[in-house]
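Let us walk through this structure together, one part at a time. Please keep the sequence and the 3D view open as you read.

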Amino acid sequence: MESFFARHKNATVLAVVLMAQILGLATQIRRPAENGPVRLIRKWAVAVISPFERGFVYSERWARHAWLDYFYLRGVSRENAALREQIESMRLAQVRIEQDAAQARRIQALLQFKEQYISQTVAAQVIGSSGSETSHIIYIDRGSSQGIEPNMAVITPDGIVGKVLHVYASTAQVLEITDQTSGVGATLVKSRLQGILKGQLTGNPNLAYIMADESVSPGEDVITSGGDRIFPKGLPIGKVASVSPGKDLFLTVRVTPAANLSRLEEVLVITKIVEKETDTAGLGPIRAADILAQRLPSVPDKPAESPAKSGETPRTPPATIAPAASVPGAAVPKPAAGAKPPAPAPKPAASGNANPPANAAAKPKPAQPQPAKPAVENSKPATGGAETP
Amino acid sequence: MNLTYTSREQVEVYRFSWGVTVGVPLLAVFLQAFIPVRVAAFRILDLPLLVTIFFAVSRRNPITGLGTGCLIGLVQDALTQHPIGVYGIAKTVVGFLASSLGVKIDAEQPGSRFLLIYFFYLLHQTIYFIIMRDLANEVLIWSWRHQLLGALLDSLVGVVLFVFLDRFRQRA
């Protein structure tokens, strides 16, 4: 027996090592580690690799900022002028959007609609990846000590990125939406069809469970549905890239992610989501005609009669007729030269409505000045956290 | 191309300093994790596999080869969300076979190194695919075109990398 092992020492060692790993593998598959504690070997590997990654990323960022902020300033004044023009045109557009938003809030209040608000985010730097073709994982430089927890949503100003999978002391592992084990509740904006965005091994993710008899067109926007309880409703996911008949009566809808997942540098982790009813304070009184018009949308509008012809006093126009500025796509009247732009609609009170709804916060800009003090439910922001305005 | 059979006495056996033994695999794993953040196409390369093959054919000791492959693979596994042991098993087998083959083949010439890396890349991917599909119950799609392209790129990079790593070898 002894001579057998001595003669086949190499093969025996190989068999033992392989068996040990296969047994370890079988144990993990029986008890998936996703919801359990993080394995020690993962902690060790991340502890060894991440300081180097962090060091490289920080030095690269420092060098790039030094170059762009102090040396390479060509075209900055031209860009500044273009941005000023953009701000002017956006101010005009804001007036129209605020009127639309006020109207939407009134309707939501009537329906006792509860909205999800992104209350708190933490900005993080992407420092590494899994390095594997079959595993779409990134590592960020924020961990449990900054308030990061598993299953928190990770986004960029362009769209969603993924969810936090494992958390270490100062690092966290993020599962991208393109990974084939990922699933995100999604809604098609135009057709309001709902499905699940599933990552693929290669190429763009697929919006699954859309019936073959439905009509989906390429270019249609896809947003989060909120059904997965991870991503707040209304965050941009991407656009439909292609639609083709798939298996089992479902369409194969390929979606191009809105966020550039192949080159991520900075992301936002949503650390707090608040759910509350729409606050209509400050929106003005709701008229009975409004309520009636909203509850009975099928009541046709009466044709306008000229007061002179009917001989009656002019009536208030039906509430269902929206003002020109609130009709989507309607042109906003340009103010005359020297005239002040129209006064914006009254803002909601700062009693908890200062945060925009999740869909409005789809483009968070942490560096932007905050117009109003954000409302937080007596919670301290995590270290390095940023309250979304 | 010089792919010759040699006797055990004719084959050189090399050893490495502790710094190189620990530092080079760690550097390979670090680069494999760091570069894809900037260049996504880099994922097709497998630097830890190249390092595993290099140490295995240089040391020409099957037990050391499988041990090196096992450790590198496990560290690589730890950075993914997959069960730990998938890369570990694949690289253990590659390390063992590469060092066993290294005893019989003179893997000093670029041509023979190219073929070795090409073969071991495909073997590694096959083992990885089988484990992921049959043991880890993951759905993977095998694409010959992608795998052959990966093998070609890895072999080309490997030949250059081996020339660089040759500087750290010490005759045993």
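Of the 172 residues of chain B, 47% count as buried, where buried means that 20 or more other C-beta atoms lie within 10 Å of a residue's own, exposed means 12 or fewer, and partly exposed is in between, with C-beta atoms placed from the backbone. This is a predicted model, in which local features need pLDDT of at least 70 and side-chain atom pairs count only at pLDDT 80 or more, while totals for chains, interfaces and linings use all residues. Residues are numbered from 1 along each chain as its sequence is written, and chains are lettered from A and ligands numbered from 1 in the order in which they are written.

Stay with chain B for a moment. It has six helices and two strands; these are DSSP runs, H or I over at least four residues for helices and E over at least two for strands, numbered from the N terminus. Along the sequence the pattern reads β-α-α-α-α-α-α-β. Two residues are in contact if their C-beta atoms, placed from the backbone, lie within 7 Å. Among the chain B contacts between residues at least 6 apart in sequence, 72% join residues at least 24 apart.

Now look at how some of these helices pack. Two packed helices are described by the angle between their axes and the distance between the axes. Axes here are lines fitted to C-alpha atoms, for helices over the stretch in contact, and angles run from 0 to 180 degrees between N-to-C directions. Helix α3 (residues 62–78) of chain B and α4(B) cross at roughly 155°, and their axes come within 7 Å. α3(B) and α4(B) are therefore roughly antiparallel to each other, a term for angles over 145 degrees. The residues of this contact divide into eleven nonpolar, eleven polar and two charged. In this grouping Ala, Val, Leu, Ile, Met, Phe, Trp, Tyr, Cys and Pro count as nonpolar, Asp, Glu, Lys and Arg as charged, and the others, Gly among them, as polar.

On to the next pair: helix α4 (residues 86–104) and helix α5 (residues 110–135) of chain B pack at an angle of about 145°, with their axes 9 Å apart. Among the residues making this contact are B:V86, B:Y87 and B:I89 of α4(B) and B:F120, B:L123 and B:H124 of α5(B). By class, the contact has 13 nonpolar, one polar and one charged residues.

Chain A comes next, with six helices and 13 strands. Of its 389 residues, 30% count as buried. A:G147 is buried because 21 other C-beta atoms lie within 10 Å.

Where do the two chains meet? The contact takes 38 residues from chain A and 36 residues from chain B. On the side of chain A that touches chain B, α2(A) gives the most, with eleven residues. That side divides into 19 nonpolar, 15 polar and four charged residues.

Finally, look inside. The largest nonpolar core has 97 residues; such a core is a set of buried Ala, Val, Leu, Ile, Met, Phe, Trp, Tyr and Cys residues joined through C-beta atoms within 7 Å. Those with the most contacts inside it are A:I160, A:V161, A:V174, A:V267, A:V269 and B:I53. Not counting residues up to four places away in sequence, A:V267 touches A:A124, A:V126, A:I140, A:V154, A:I155, A:T156 and A:V161.

How values were computed
Parallel < 35°, antiparallel > 145°, perpendicular 65-115°, else oblique.
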